Amino acid sequence: MQIQITNYLDRKKILNDCQSGFRKNHSCTTALLNVVEDIRSNIDSNLFCILILLDHSKAFDSVDPQISCSKLFNLHMFSATATKLIQSYLSKRKQCVCVNDLISSPLEIKKGVPQGSILGPLLFNLYINDLPSVLKLTKIHIYADDIQIYLYCNKHYISKSLNDINLDLDRIYNWAKSNHLCINPSKSKCLIIGKKQIDTSEFIPPHIGNEPINFCNHAKNLGITFNQTLNWDNHISIVVGKVYGMLRILWKSQHFTPIHIRLLLSKTYLIPTLLYGCEIFANCDQLSQHKMNVLYNNIARYIFNRRRFDHISDCSKQIFSISFDNLLKLRTLSTLHKIINSKTPEYLYNKITFTRSSRSNNILIPRHKILTSERQFFIHSARLWNLLPNSIKTLTNTYTFKKSATSSLNDNY
């Protein structure tokens with residue numbers, strides 16, 4: 001059923017373009033790349049971005065089966081038979097609790113989609129698919145139950161723009177109320193992002209319902225920490241500290257753990273934590289790059305049992321057959337290659353413009369004025385892409401592209 005529904009949604013293009021949750025070739029990273037590029041281009045035009053990060057309370061457990069089926073039939077044009085089948089899937093479910101071999105009486109679950117199911121996330125996507133249509137003034141991007149809305153303005157019109165955002169927040173609040181969903185203002189955040197950090201104490205914070213949404217200097221958005229100037233210092237400092245904490249624990253058992261297990265632990269826990277969303281911050285400032293390089297070298301010392309002052313660069317290359325700096329470049333190029341060849345997500349593919357010469361397959365570098373723009377994905381990745389030989393850029397197979405790009409990076413950097 002999941003395959004049939006997905007094929008139907010793709011064929012009819014029912015899911016909103018700004019919904020990235022649980023969709024093929026969509027991810028937290030693609031959602032963030034879209035939002036970051038929108039913010040970057042407007043900051044480059046000397047505008048400020050007011051970004052609101054909204055938090056739902058138990059969103060998946062709050063889905064009303066009657067409303068869900070009504071939307072499937074009336075909004076998404078599911079057949080009556082298909083709607084009844086899904087209604088039977090969502091209705092008359094029961095649960096019980098088992099403690100010390102004692103089982104409670106079963107109680108009916110009146111709301112929510114089955115957790116851990118294949119259909120659950122897909123049905124939730126359809127449940128909130130009409131949310132973007134209620135907004136009049138702001139842009140929106142959704143990943144599952146994480147909602148971010150944003151609006152651009154001149155510095156002198158921030159107060160007016162906050163009032164405009166409140167109008168759309170009221171619309172979201174009323175929509176959520178009518179769909180039996182609850183937005184938690186205490187966990188929602190508001191960031192004002194621009195070329196320079198701005199004092200938010202002079203502004204009245206936005207509100208959802210009757211509760212304010214607090215201003216903050218930095219906030220976690222789908223696992224990546226945003227700050228008021230769209231640099232990634234806060235995120236990298238937080239992640240590096242987190243990985244060092246994990247590494248200290250692993251060091252204690254280093255001498256009792258075989259090298260292949262240490263390598264596996266590093267590739268499974270340490271390095272993925274460090275590299276999560278790295279396409280977004282791969283071209284960060286030198287200080288942040290140094291922090292990550294030092295950490296990566298310490299991970300190599302842990303794996304290969306090297307002392308603090310031992311030469312480690314050759315060992316660190318053995319982890320992925322590439323240096324850490326080139327690993328960041330490879331991840332960036334691989335993401336761009338995937339977007340180009342799959343042409344999805346459309347909201348990212350549409351931001352890419354190729355030069356007229358088909359022989360070079362080069363990408364036009366977006367116009368920009370400030371260093372913040374220089375450090376972001378679409379400019380950084382376009383520069384890396386244009387340096388690749390055309391024979392590599394025309395490869396369509398992901399594995400072959402990565403292998404060839406790795407050789408090219410090792411030869412040139």
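**Figure 1. Asp130 is a buried residue in this predicted model, with a relative accessible area of 19%.** The value falls under the 20% limit for a buried residue. The side chain of Asp130 forms a salt bridge with that of Lys71, at an N to O distance of 2.9 Å. Asp130 sits in the loop between helix H5 (119-127) and E6, whereas Lys71 belongs to helix H3 (residues 65-74), 59 residues apart. Lys71 is likewise buried, at 8% relative accessible area.

**Figure 2. Asp38 and Lys139 are joined by a salt bridge of 3.0 Å, N to O.** The pair connects distant parts of the chain, with Asp38 in helix H2 (residues 28-44) and Lys139 in strand E6 (residues 139-143), 101 residues apart. Asp38 is buried at 9% relative accessible area, while Lys139 is partly exposed at 39%. Together with Lys351, Asp38 and Lys139 form a network of salt bridges.

**Figure 3. Helices H10 (residues 286-304) and H12 (residues 324-342) cross at roughly 110 degrees, their axes coming within 10 Å.** The two helices are therefore roughly perpendicular to each other. H10 contributes Met292, Asn293 and Tyr296 to the contact, and H12 contributes Phe324, Asp325, Leu327 and Leu328. Of these contact residues, 5 are nonpolar, 1 is polar and 1 is charged.

Figure 4. The closest N and O atoms are 3.7 Å apart. Arg331 is partly exposed at 31% relative accessibility, whereas Glu279 is buried at 8%.

**Figure 5. Asn326, in helix H12, is buried at 3% relative accessibility.** Beyond its neighbours within four places in sequence, Asn326 is in contact with Leu409, Asn410 and Tyr413.

Technical notes: Residues numbered from 1 in each chain as written. Predicted model: local features only at pLDDT ≥ 70, side-chain atom pairs only at ≥ 80, totals over all residues. Heavy atoms only, no water. Axes fitted to C-alpha atoms, helices over the stretch in contact; angles between N-to-C directions. Helix = DSSP H or I, 4+ residues; strand = E, 2+ residues; numbered from the N terminus. Parallel < 35°, antiparallel > 145°, perpendicular 65-115°, else oblique. Contact = heavy atoms within 4.5 Å. Nonpolar A, V, L, I, M, F, W, Y, C, P; charged D, E, K, R; others polar. Buried < 20%, exposed > 50% of the residue type's maximum accessible area, 1.4 Å probe, protein only. Salt bridge = Lys/Arg side-chain N within 4 Å of Asp/Glu carboxyl O.
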